[in-house]
Amino acid sequence: MAFVQFSKVSLSFADRDILRNVSVNLQAGTKAALTGANGAGKSTLIKIMAGIVQPDSGERLAQKDARIAYLPQSGLVHSGCTLKEECDKAFEWGYEIQRKIDSIGDVLKSNPHNSQRLAEEQAQLLARLEESGWYRREAAAEQVLLGLGFSREDFIRQTESFSGGWQMRIALAKALMCGPDILLLDEPTNYLDLEARNWLEQFLCEFRGGFLLVSHDRYFLDHTVCEVYELFNGELKRYPGNFTHYEAVRKTELDTLIASYEQQQQEIQHLEDFIRRFGYKATKAAQAQDRQKHLDKILENKIEIPESLKKIHFTFPPAPHSGQIVLTLDKVCKSYGGGKNIISSLDAVVEKNERLVVAGRNGAGKSTLLRIIAGIDTDYSGTVRLGSGVTAGYFSQDSAEKITGSETVLDRLERNAPLELVPKLRDMLGAFLFRGDDVYKSIDVLSGGEKSRIALLELLLRPVNLLVLDEPTNHLDMHSKDVLLEALTDFGGTVIFVSHDRGFIESLATRVLELQPGAFRLFPGDYAYYMQRLEDERNGTVGAFSFGTAASQKKSVPAAEKPLPRKETAGAAKISWEEQKRAASERRKAEREAERLESLIFQKEDEKAGLESQMADPQVYSSGEKIRAVQKKLEAVSAEIESLSAQWEAVASSLQQKSEP
């Protein structure tokens, strides 16, 4: 069984212990996550496991011929060949075995005497190559590449033509397809969309080797690992179970640790106060010295709580009041270069307090739509209308490019924050991974990820009532995501967002807009409902939502289910032919009535949407008389919809009863 083992590994940087006597064993069947605060040394530990960094002390053992594949967080670039040729390099181990086989064959031809040992060695190599799946490498490579989101047209593209994110996908593909015994993956989901993450999740669940991975995606970890290693203050501790179980156990431990920390801090404060007040008085000098000795002992064993574990909570500025209709999209179309529409005839209405997630594969137009909504992209056809009193704030990864200047992070935030939030800025910056002296960094020296976090925090400090967020959780650790999620959940306005973090989406989204190239579907309900609906559609248990028509996007009524075929029973056999004929006639009549009611409901929903759009028209809402007239019509239409829906439910219930044996 292939394995890689580390025993009492230690590593220090300057006066800081990154690792202290760390031991871990990875083997076939290991499905483990490595977690810890930012800067705890997770990436360093994985590099030591991969043999890239040497520890100060300790031992690393790996089984002979064990293949260990390592994926770093970023920085890999490929060039000089096609995607298919680059991925074929992942099978170099197989080519090496093939060269040995050919070399033995040449020796056997030239010197057939005493060939038994060589023939046995050649047979072993041939069997090893066959068992490894070497001869099926092209099919395996294609499966991995398609699973990670590449198209077959990409196979012949030069690798240098791919962007940085796709470069890392190439590296991940090579790591997966090289037939590793041990996988070491540092943030493998950073550059993957939801579909690719789901595929990788399934791959790891079925992977027969062992793996250790770092990820800030809680959902992904919950569905792939069965043990968690936490790196905390230089020490590594193992927790059996999935990530949610680890968090529950760790919370109990941390509650005790934090309570001890707070008690110790109070004692330190009391001792320091006494020493400061009475240290100079002759009558109290002896007592002050005793307390100083006691304080020194406490400081020698001071409990340290990483910034990431300190409880941080913040709220947005109150969202300005707005009308019920926040956004109306009417026949929005977008194409690039005069070609086929990436967004075609998109109709949607977003109401106050909704959390709408825009879903779809890469290239479906998600980020494009958000730029259109935010007013960044104006090259489109159709109409985008913000409702009465709506003020929008927009965040994307490009927002980092606007963060420039020589002032410090804290100075910039203090200059832009509302006065009442200034006292909370240090905590907010801590939540977004600017901890300790990081707040005094100059803006000019920040990385792209750090600038992106500043841009997001600046947006959250503004008094807006519509947040348009494109990948807000990128560059955030799990703790920061939780802080952001809590703030967005409590936000008094509306949120339209794109994210590749499934746990974040499931916790926030209340409705789903699915984009496909040139088509769209709106799903009522949260993301879990959306995923279940897609699965039911694939299984054929429900009909598919239709694409792109306004009527198909209404939330009020699902399409009527066809009655189930009647089952023949002993009781049914006694029913006369006349009774069966009459029952069939009643069923047909009920089905026609259900269809009629559905049609009326859709018509009234369209009428309601039109009235709601009128209420967002300045010419209407600026006139008291006009707004009252429209409001009266809207109430009447809403009452009709409610009545028709009740009738439809009664007919649908009757149909279901008639279809039962």
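Within strand β9, Pro 240 is the bridge partner of Glu 227. Helices (H or I, at least four residues) and strands (E, at least two) are DSSP runs numbered from the N terminus. The structure is a predicted model, in which local features need pLDDT of at least 70 and side-chain atom pairs count only at pLDDT 80 or more, whereas totals for chains, interfaces and linings use all residues. Residues are numbered from 1 along each chain as its sequence is written, and side-chain values use heavy atoms, with hydrogens and water left out.

The predictor's confidence in each residue is expressed as pLDDT, from 0 to 100. The protein has a mean pLDDT of 82, and 87% of its residues reach 70 or more. Over residues 549-575 the pLDDT is below 50, and this stretch has 44 contacts in the model beyond near neighbours in sequence; a contact means heavy atoms within 4.5 Å.

Strands β8 (residues 227-232) and β9 (residues 235-240) run antiparallel and are joined by six bridges; two strands pair if DSSP finds at least two bridges between them. The two strands form a hairpin with two residues between them, and Asn 233 in the turn has a positive phi of about 55°. Glu 227 is also among the contacts of Thr 30, together with Asn 25, Gly 209, Gly 210 and Phe 211, when neighbours within four places in sequence are left aside. Thr 30 is located in the loop between β2 (16-27) and β3 (31-35). With a relative accessible area of 6%, Thr 30 is buried; buried means under 20% relative accessible area, exposed over 50%, and partly exposed in between (1.4 Å probe, protein chains only).

Helix α11 (residues 366-373) is largely enclosed by the rest of the structure, because six of its eight residues are buried. The buried residues in α11 are Lys 366, Thr 368, Leu 369, Leu 370, Ile 372 and Ile 373. Gly 375, which follows α11, has a positive phi near 80°.

Eleven aromatic pairs are found in a search of the whole structure. Rings of Phe, Tyr and Trp (its six-membered ring) pair if their centres lie within 6.5 Å; planes under 30 degrees apart count as stacked, over 60 as edge-to-face and the rest as tilted. The ring centres of Phe 150 and Phe 162 are 5.7 Å apart and the planes stand at 80°, so this pair is edge-to-face. Phe 150 and Phe 162 are twelve residues apart, both in the loop between α5 (137-147) and α6 (164-177), and both are buried. Arg 157 lies over the face of Phe 162, at 3.9 Å from the ring centre; a charge sits over a ring if NZ of Lys or CZ of Arg is within 6 Å of the ring centre and within 35 degrees of the ring normal. Arg 250 lies over the face of Phe 232, at 4.8 Å from the ring centre. Phe 523 and Tyr 530 form an edge-to-face pair, with 5.0 Å from centre to centre and 75° between the planes, and both residues are buried. Trp 93, Tyr 95 and Trp 134 form one aromatic cluster.

The search of the whole structure finds zero disulfides, a disulfide being a pair of cysteine sulfur atoms within 2.5 Å. The sulfur closest to that of Cys 226 belongs to Cys 205 and is 9.8 Å away, too far for a bond. Cys 226 is partly exposed, at 42% relative accessibility, whereas Cys 178 is buried, with a relative accessible area of 12%.
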